[in-house]
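This briefing goes through one protein chain by topic. Please look over the sequence and the model before reading the points below.

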Amino acid sequence: MAEIQVRDCPLCGNPASCLSIGRGHLKRFVCAACTDFVISKGAEKRLADDRSGSIQMADIARRAPQGFMLEITLPVPRSTPWLRTRWISKPQPSKEGEG
Ligand SMILES: [Zn+2]
């Protein structure tokens, strides 16, 4: 089952809740500073070497419309220097007492 861990937020570096989703390929973060967002492993790795990119993504994540959150993934082709972002619907809170 999904397990919530506390990790450093890949966007701002503050402690954030992290949950693996999408067969472990994606991670959902809930950060007090950056709100909710989803990031792929590849995108997280790329941002680890790109401080200004992280700041930019944090800024975008904070502008999520009501009920949506930012998804950050690697672009196609992967040599493209920027990351792919889109708004995705926030999953409905489960009735099993999540969070
Ligand atoms: Zn953050």
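Predicted model: local features only at pLDDT ≥ 70, side-chain atom pairs only at ≥ 80, totals over all residues.

In what order do the six strands of the open sheet lie, and with what pairing? The order is S1-S2-S3-S4-S5-S6, and the pairing is mixed.

**Sheet**

- Strand S1 (4-8) and S6 form the edges of the sheet, each pairing on one side only.
- On average, neighbouring strands of this sheet are turned by 30° against each other, direction ignored.
- S2 and S3 run antiparallel and are joined by five bridges; Cys-18 stands opposite Phe-29 in S3.
- The pairing of S4 with S5 is parallel, over three bridges, and Phe-37 stands opposite Leu-70 in S5.
- S5 also pairs with S6, in the antiparallel sense and over six bridges; here Glu-71 stands opposite Arg-86 in S6.

- Helix H2 spans residues 51-61, and Ser-54, Met-57, Ala-58 and Ala-61 are buried in it.
- Why do the buried residues of H2 line one face of the helix? Seen down the axis of H2, they fall within an arc of 105°, so they line one face.
- The buried residues of H2 pack against S4, helix H1 (41-48) and S5.
- Ser-52, Ile-55 and Asp-59 are exposed and sit on the face of H2 turned away from its buried side.

**Nonpolar core**

- In soluble globular proteins, nonpolar side chains tend to be buried together.
- The largest nonpolar core in this model has 18 residues. Leu-11, Cys-34, Phe-37, Ala-61 and Ile-72 have the most contacts inside it.
- S3, S4, H1, H2 and S5 each supply at least two residues of this core.
- Which residues does Ile-72 touch, not counting those up to four places away in sequence? They are Phe-37, Ile-39, Ser-40, Ala-43, Met-57, Leu-83 and Thr-85.

**Backbone features to check**

- Most residues other than glycine have a negative phi, and most peptide bonds are trans.
- The peptide bond between Val-76 and Pro-77 is cis, with omega about -5°. Pro-77 lies in the loop between strand S5 (68-73) and strand S6 (84-89).
- Arg-23, which is not a glycine, has a positive phi, near 60°. Its place is the loop between strand S2 (15-21) and strand S3 (26-31).
- Is Arg-23 buried or exposed? Arg-23 counts as exposed because 6 other C-beta atoms lie within 10 Å, and the cut-off for exposed is 12 or fewer.
- Thr-35 is not a glycine either, yet its phi is positive, about 65°. Thr-35 belongs to strand S4 (residues 35-40).
- Thr-35 has 18 C-beta neighbours inside 10 Å and therefore counts as partly exposed.

Definitions and conventions
Residues numbered from 1 in each chain as written. Helix = DSSP H or I, 4+ residues; strand = E, 2+ residues; numbered from the N terminus. Buried ≥ 20, exposed ≤ 12 C-beta atoms within 10 Å, placed from the backbone. Arc of directions from axis to C-beta. Contact = placed C-beta atoms within 7 Å. Pairing = 2+ DSSP bridges. Axes fitted to C-alpha atoms, helices over the stretch in contact; angles between N-to-C directions. Core = buried A, V, L, I, M, F, W, Y, C linked by C-beta atoms within 7 Å.
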